[in-house]
Amino acid sequence: MALPLLRKIGQYGVASGFPALVNFTTMAVLTHLLSRVEYGTFALVQAAVAVVNAVGFQWLRSGVRRFLPAAGAARPAVLAAAGLGFTGLVGLVLVVALAALALPTRPLPPVLLGLGFLLLAAQAWYELNLEIVLADVSPRRYGVAGLSRAVLNGVIGAGLAAAGFGVVGVLIGAILGFAGPGLVLGIRHWHGVRLRRAEVTTLRELLGYGLPLTMSYALQFVMDSSDRLLLGAILGVEAAGVYAVAYDLTQQTINLLMVVVNLAAFPLAVRSLELEGPTQARSGLRVQAIVLALLAVPGAVGLASLAPKIGRALLGSQFSDAAAALVPIIALGAFACGFKAFYFDLAFQLARRTRPLVGIGVGGAALNLLLNLLWIPRLGTSGAAWATVATFVATLLASALWGRSHLALPLPWSEWARIGGISLLMAVVVLHVPSSGSPVADLALSAVLGVLTVGLGVLGTDLLGVRTWLARSWRQGVES
């Protein structure tokens, strides 16, 4: 089970890595093209769209991901129900947006409100189609779609920002980035699907499974977004902009490392559980737990160790020092958030018992809001970061303990301990790399040495039997 899953994880890693690199480059470029106020405004619009996207559309994506991999002959019915739900939700959001324009006090200027609606519609359609790609276990199609989106977003958004269009230009780039590949995928996936044939029972099944997850994800986005919204309200837009750079840099990097595991493993776990039973599914889940930690723990430790070098090498001067100081704190919270979402929450999702996640989310959102209100006035942006850490650690523990009553996930403590030791060794190595005088060269050399240290650690401890497999393959190659 380990090798097929590792192969799929590697394919998704490549498919996700190039788009992530483009996204990272775009963010770094924007810190040079936009002021703190402009970047803060863009971050606030993005946060608002993310919250509405989670509240309104996540249940569709969750249902498609859970039911489509093993749907078989019922695939057209699942797609018809999902398409009908999407159409209705877009219409509802449009009505709300038009009503907001009629208010005497608008939440956003009309231009930003209109662009926000278009961004929401394009992003939700793209992500719905991406779930279909994931259900089909197609890393190549996933990678092409992600890279197309990232390139369109980066080239158009950064180009318009450089031309003087500021926040509006960046938002247009984001809209076209989602709309382009979303249109291509839509033509492929929805050809022949008749929405009028959607069955109420299928739509109800999607809703019953996905609605609790939607509420959970919405609360997750509240936790992700409330800190920068409160920073903007209490300390000003500039503080929100600096925090957003540090948070997005850290969260997106660690999330990328962890999501590639989930992209490959979740559809396989669903098929294994439905077709082969819990015992076989647990075998794959154990491998998933080990690989998830192998990517996320060194990733978080590496980001924390390299934060000053990342700031000097990649971020604009008005962001570098303040953002770099936040990265080590946020890295801890991002790890806890990712391990909860991509591992411990699987106990509820695979068992189709998603309602407890709502309770965990409500508690987390309340705790996050309380801690932000207490700590932001006292500690500023670092207060928001520590509030995030405390919240995500608390929700991780709640998910791990509560989830065992639905599906006991494997807990490979021995392998996790080895990964922790490897990560500490990596931190010692990268922290002692001498400076060459070039920030970019220092960062590149430290990153390479860090990756090599982790690789040698995996071989030295024979994690997942990698050393044994390589030795056997070598002997077979020599004998043949």
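Does R61 count as buried or exposed, and at what relative accessibility? At 4% relative accessibility, R61 counts as buried (under 20% relative accessible area is buried, over 50% exposed, partly exposed in between, with a 1.4 Å probe and protein chains only). Before going on, please note that this is a predicted model, where local features need pLDDT of at least 70, side-chain atom pairs count only at pLDDT 80 or more, and totals for chains, interfaces and linings use all residues. Residues are numbered from 1 along each chain as its sequence is written, and side-chain values use heavy atoms, leaving out hydrogens and water.

Let us step back to the whole protein. You will find 15 helices and zero strands (DSSP runs numbered from the N terminus: H or I of at least four residues for helices, E of at least two for strands). Buried residues make up 53% of the 480 residues.

Now for the charged pairs. A search of the whole structure finds four salt bridges (a side-chain nitrogen of Lys or Arg within 4 Å of a carboxyl oxygen of Asp or Glu). In one of them, R61 meets E127 at 3.3 Å, N to O. This pair links distant parts of the chain, with R61 in helix α2 and E127 in helix α4, 66 residues apart.

Another salt bridge joins E415 and R286 at 2.5 Å, N to O. E415 lies in helix α13 and R286 in helix α8, so the pair ties together parts that are 129 residues apart in sequence. Here E415 is buried at 11%, while R286 is partly exposed at 35%.

D345 and K340 also form a salt bridge, their closest N and O atoms being 2.8 Å apart. D345 is buried at 3%, and K340 is buried at 6%.
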